[in-house]
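These are my notebook entries on one chain. I record below what I looked up, topic by topic.

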Amino acid sequence: MEDSDFEEETLKKRHKKNPLTSSMGEVNFMHEDDENDRLETARARFSNVIKRHAALAERLSRDSDKMIFERLQKEFEAARASQTEEVYLDGEEWNDGLLATIRERVHMEFDRKAMLADTNMIPNIHVEEKITYRVGTKVICCLEGARIGIQYETTFAGDPCELYHLVLKSKSFLEKMTVLEHTIPFFLPIREAENDLLSSNAMRFIDYIGELLQAYVDRKEQVRLIKELYGNQIGELYHSLPYHIIEFVLDDCPCKVIVSLRYADLVSVLPTRVRVIAWPIDQFKKSEVLGTHPSPTRLSYAEDALKSMSLPEAYAEIVLRLPQVVQQIFEDRNPS
């Protein structure tokens, strides 16, 4: 190998090991490219993890509970078909005293059937009174085996959505109740609520589970609706399983907008922490030519809309006003 070839090869190797031998401008350019590549790789991997996580959660929440749901649904339907009366309760009519009456009723019925079985007595042809109670969107049934069943009906925009079931049982009328089984999504804190409320305030526990489910369905349906209506404008969308963390990106607009929503608790239907940041694209070409980069801007009007409106309504408001707001930002930063 000639000396010139050897020196050239040596320089190439040295350059690979130590890029600082290049000019500072080249180093910065390479570093930016490397950083962008790493960010894109990380974004792709994270997106893949989210998809796999969502698929796994869907399979866990649907497949594992499907048989339980079908069995309980049939049992609730049978209980309502055999009822002699359905009582509608309003306001103060649903109280601790009524819940105690329901508990006493299921245990008396259980003891009566057990006594008949032990003594081989012929059951009385008199039809036993079977009452179900409707409290708002809750239906409370007396089930076989000294169990109390609650069916929760959820809605969105006035239309019926999913049904959920909760079955409570106690060894005797005087002992505390426990959750025997349910069809509530595993990521909602039913066990924590059971430990905190069921033994001390069973009525509050039953109501709280209803609030928890309705808020979850409301948040989930809001996300479903914006995907259905504006899916072509949304580049990326992420949400936690209970939909109490929601983030999405708007790409099909004069700037890139990142929306981040946080809900204070799982019974909230409006976010309490909102952050909307915009990176203008077309309007700041001049800045990019000069070597500067436009800083992001928080869109306060969008944050206010998201805190006070449902997600689809707020989204429409944001997109409607966005071109005007972006133009104003551009004029403020580039005075003539």
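I take contact to mean heavy atoms within 4.5 Å. With that criterion, among contacts in the chain between residues at least 6 apart in sequence, 54% join residues at least 24 apart. I note that this is a predicted model, in which local features need pLDDT of at least 70 and side-chain atom pairs count only at pLDDT 80 or more, while totals for chains, interfaces and linings use all residues. Residues are numbered from 1 along each chain as its sequence is written, and side-chain values use heavy atoms, with hydrogens and water left out.

I looked up the secondary structure and found eight helices and 11 strands in the chain. Helices (H or I, at least four residues) and strands (E, at least two) are DSSP runs, numbered from the N terminus. I call a residue buried under 20% relative accessible area, exposed over 50% and partly exposed in between, with a 1.4 Å probe and protein chains only. Of the 336 residues in the chain, 36% are buried.

The 29 residues of H5 should span 42 Å, and the end C-alpha atoms are 42 Å apart, so the two values agree. H5 is mostly covered, with 21 of its 29 residues buried.

I fitted axes as lines to C-alpha atoms, for helices over the stretch in contact, with angles from 0 to 180 degrees between N-to-C directions. Helix H4 (residues 190-198) packs on H5 at an angle of about 155°, and the axes are 8 Å apart. H4 and H5 are therefore roughly antiparallel; the classes are roughly parallel under 35 degrees, roughly antiparallel over 145, roughly perpendicular from 65 to 115, and oblique for the rest. From H4, the contact is made by Ile190, Ala193, Glu194, Leu197 and Leu198, and from H5 by Ala202, Arg204, Phe205, Tyr208 and Ile209. By class, this contact has eight nonpolar, no polar and two charged residues. Here Ala, Val, Leu, Ile, Met, Phe, Trp, Tyr, Cys and Pro count as nonpolar, Asp, Glu, Lys and Arg as charged, and the others, Gly among them, as polar.

I found that the axes of H5 and helix H8 (residues 311-333) come within 8 Å and cross at roughly 40°. That angle makes H5 oblique to H8. Gln222, Val223, Leu225, Ile226 and Tyr230 of H5 meet Leu311, Pro312, Tyr315 and Ala316 of H8. This contact has eight nonpolar, one polar and no charged residues.

Ala146 is not a glycine, yet has a positive phi of about 60°. Ala146 sits in the loop between strands E3 (138-143) and E4 (147-156), and counts as buried at 5% relative accessibility. Tyr243, also not a glycine, has a positive phi of about 60°. Tyr243 is in the loop between strands E7 (234-239) and E8 (245-250), and is buried at 12%.

Thr297 lies in strand E11 (residues 297-298) and is buried, with a relative accessible area of 16%. Beyond neighbours within four places in sequence, Thr297 contacts Val276, Ile277, Ala278, Ile329 and Arg333. Asp252 is in the loop between E8 and strand E9 (255-262). Not counting residues up to four places away in sequence, Asp252 touches Asn232 and Gln233.

How values were computed. Expected span 1.5 Å × (residues − 1).
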